[in-house]
Amino acid sequence: MRQFYSFDLLALVFSLGCLPLMWLVVLPSNNQWYSLAGILVIWVLIVPNKFCHYRVVIAVFVLSFLWSTAYSKQYLTNTIPYIDKTVIVQAKVTSLNTHEQFTQSSSYYIKFDIFNIDNYPLASTIPISVYWEQPDMPMAGQDWQLKLKTKVVPSYLNQGGFDSQRFSITNRNLLTAKVVSAKLLSAEYNIKQKVVNQALLYINLFSYRDILLALAFGDRSHIDNDNRHIMLQTGVAHLMAISGMHIVMVFMLCSFICKLALFFVSQRFIYYSIPVVFGWLGAFFYAWLTGLNPPALRAIVALSVWIYLRFQNYQISSWQKINRIIAALLLFDPLMILSDSFWLSCYAVLSLLFLYEWLPLPKFMQRQKRWYLVRLLHLQFGLIVLLLPIQLWVFHGISLVSILTNLIAIPIILLLTFPAILLALLFSLIDCFYIALGCWFIAEQSLEWLFYCLNQVNWGWFNIPTNSFLLSLSGWLAIIVIRTECWRRFFMTLLVILIILVTPFFKQQDFLWRLDILDVGHGLAVVMHNGNSAIIYDTGAKWETSSAMQRVIIPFLQWHNLEVQGIIISHQHNDHIGGLSELQQLYPKAWIMSSSSKLNNSYPCISGNSLTWQNLTLQVLWPDNLVDYAQNEDSCVIQVSDGHFKVLLTGDLERNQEYQLISRYQQKLLSTFLQMPHHGSGTSSSYAFLNYVAPNFSFASTSRYNPWKLPAQKVIARYQKLHLPYHVTAKSGQISLLIRQNDWSLKTMRTQITPRWYHDWFGSLPIYE
């Protein structure tokens, strides 16, 4: 009897069993997990023999699901006891110190592995990122005794924004801490740090030292914001992150060097496997040197599996190899399936296989050197078309010049920059000063040429709305249709598929207008829009190297394809006005309303004024006069109404101003929705004010672990006593109110928009320390 299943089928089924981790709302409870395991055992025992071939496949799928969920739950369980604690730990530095001579910054994050807590040795180490402000400089490999105040890593949760909660889970980076005191236990640092110290003597001499550090040691924390922006906009950022391509380059270079060395060795000592083993050792050393980050670790595992299959002389296809490698990776770490980089690398490899097997060039073009440029264009254009779906999923846009920039960048990085860096590291280690300096110089010059070219063509980034995602699959469909010629017999079927791909463009929205309270940390950003145009009330905070505008607000606007027509600034504190200049650069035609005479107001925010926008009326309730610098008490208070429902936006209004509004407007304050004044501070939300507003729903925008402990407990108790429902962005993430003709609905990122088990876990944690 022919065997129904194969090893490759079981590998595929195992990978599919891990897939539910991406969409599970909650992880199975212990009772559910054990019940499912028991059902599996019983089912395997009682299933008739004639269905035994199905039994193995289903058992592998269920076992994979049980393994992935148990692995995830165990990781969270091991982490929870150490959140929001003050502990004395002994830990080993794992991150490389590239700061001592590189930056003038007095504080930064350092990664440690905790191996002892309160004099209790741990069975396995716990990774933690420590915010370091001490004068001493930790080096990789040193042991420290630290007194830490721990907390869960802060994160934002918004549509279109980077999902830092999923990223933290995937990269085992849930814990962060501040140092109370630190004591060095062992001053000896490891080989990696010695290599870095030796290389920094050269790297610090060059202007592109940030890129050199990223390619040499995988440390991208120093990359200049301008360089980062250019690489993202031109589609070459993938070349600067250590990935499978770099690991394979190291493998090939080390193998080539070994083959050259074998010319000087007696023939009886030469074996076929020597260059392969030497190349693998070189690749593993480089991956270890760069911290064995997830992409490098995946590349090493994949390379190891490929070498094993090659030595075993298995005659299997490339599809079978990648299938087995993916299964091996997920068996090793099921949480990889949550990683964007995992999907990008696997998807890219599958796209390459698909392109060369389904749309190959003619054989004469594959062999003759004069067709080299055609082969490059075939590769780049094919990858752009095939990678478009995942490009939109991860980056929400494409670079229109990426074909050109990659044709320039790939040869420069692979043939000049990266080999020069590897040789520079080698000669730096053996202290050949002038040769090492020359290699670093070649790497620097190649980067200078590259960025000069990138700057000349840095104009082609195009943001694509979410309704284009299905249409992006048409590249795959087109190649299948061309290769199989199915259009001859299935024309109507293909037409129906095409109609399905474009249906999102004609989808009718289920609201007249909506209000989105974005999760911007401590600050405020409220977006009112009708699906096409928007007004923004406050613009979040601006930080030292970034802003809520860059991280949250602009990605949200681009996700929904919104055109900002108006900006309202409640007052001039940084957490409310921080992103104004960036927003104005992006939308220069947007009008401004504020209570400050120093801003270029199109509409002054003075009580009694009103503005009609779309079908909404914006009535100004406060203040009475403009001031030079608007403070909390000068907050621009706006009541937005569509004739049925009202929203009261209060900024950071204080109690005294609440009383003045009550005396002036009384019953007119009645509103359906209320933005909690001053983030729920104890100096606002008086009983009288809440009674007059009587909101059906209230919301507060705060950050987790904010030093003011907002919203204040007494204010929360006040809302609860008056039976006023509320949500806080620190727990719920983005809060969306969808207003229709006669009703409204509430959705939050955590529970309705993208409910995931890791969002649920973050949201269940306390807001305060």
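In which helix does Phe 251 lie? In this predicted model, Phe 251 belongs to helix α8, which spans residues 244-262. With a relative accessible area of 10%, Phe 251 falls under the 20% limit and is therefore buried. When residues up to four places away in sequence are set aside, Phe 251 touches Val 276, Gly 279, Trp 280, Ala 283, Leu 303, Trp 306 and Ile 307.

Thr 290 is placed in the loop that runs between α9 (273-289) and α10 (294-311). Thr 290 counts as buried because its relative accessibility is 7%.

Gln 380 is part of helix α14, residues 372-395. A relative accessible area of 7% makes Gln 380 buried. Apart from neighbours within four places in sequence, Gln 380 is in contact with Ser 402, Ile 403, Asn 406, Leu 407 and Ile 410.

Two helix pairs were examined. Packed helices are described by the angle between their axes together with the distance between those axes. For helix α2 (residues 30-46) and helix α3 (residues 52-79), the axes come within 11 Å and cross at roughly 160°. Because this angle is over 145 degrees, α2 is roughly antiparallel to α3. The crossing of α2 past α3 is left-handed. On the α2 side, the contact is made by Asn 30, Trp 33, Leu 36, Ala 37, Leu 40, Trp 43 and Val 44. The α3 side contributes Tyr 54, Arg 55, Ile 58, Ala 59, Val 62, Leu 63, Phe 65, Leu 66, Thr 69, Ala 70 and Lys 73. Classified by residue type, the contact of α2 with α3 comprises 14 nonpolar, two polar and two charged residues.

The second pair consists of helix α5 (residues 191-203) and helix α15 (residues 402-429), whose axes come within 9 Å and cross at roughly 110°. An angle between 65 and 115 degrees counts as roughly perpendicular, and α5 and α15 are therefore assigned to that class. In this contact, Val 195, Gln 198, Ala 199 and Tyr 202 of α5 meet Leu 425, Ser 428 and Leu 429 of α15. The residues of the contact of α5 with α15 comprise five nonpolar, two polar and no charged.

Nonpolar side chains tend to be buried together in soluble globular proteins. In the present model, the largest nonpolar core has 57 residues. Those with the most contacts inside this core are Phe 112, Trp 132, Ile 169 and Trp 757. Another core, of 39 residues, lies apart from it and includes Leu 215, Ile 230, Ala 436 and Phe 451.

Pro 604 is located in strand β13, residues 603-604. Its relative accessibility is 31%, which means that Pro 604 counts as partly exposed. Not counting residues up to four places away in sequence, Pro 604 touches Met 593, Ser 594, Asn 609 and Leu 626. Between the C-alpha atoms of Pro 604 and Met 245, which are 359 residues apart along the chain, the separation is 56 Å.

Key:
Residues numbered from 1 in each chain as written. Predicted model: local features only at pLDDT ≥ 70, side-chain atom pairs only at ≥ 80, totals over all residues. Heavy atoms only, no water. Helix = DSSP H or I, 4+ residues; strand = E, 2+ residues; numbered from the N terminus. Buried < 20%, exposed > 50% of the residue type's maximum accessible area, 1.4 Å probe, protein only. Contact = heavy atoms within 4.5 Å. Axes fitted to C-alpha atoms, helices over the stretch in contact; angles between N-to-C directions. Parallel < 35°, antiparallel > 145°, perpendicular 65-115°, else oblique. Left-handed = near helix turned anticlockwise from the far one by under 90°. Nonpolar A, V, L, I, M, F, W, Y, C, P; charged D, E, K, R; others polar. Core = buried A, V, L, I, M, F, W, Y, C linked by side-chain atoms within 4.5 Å.
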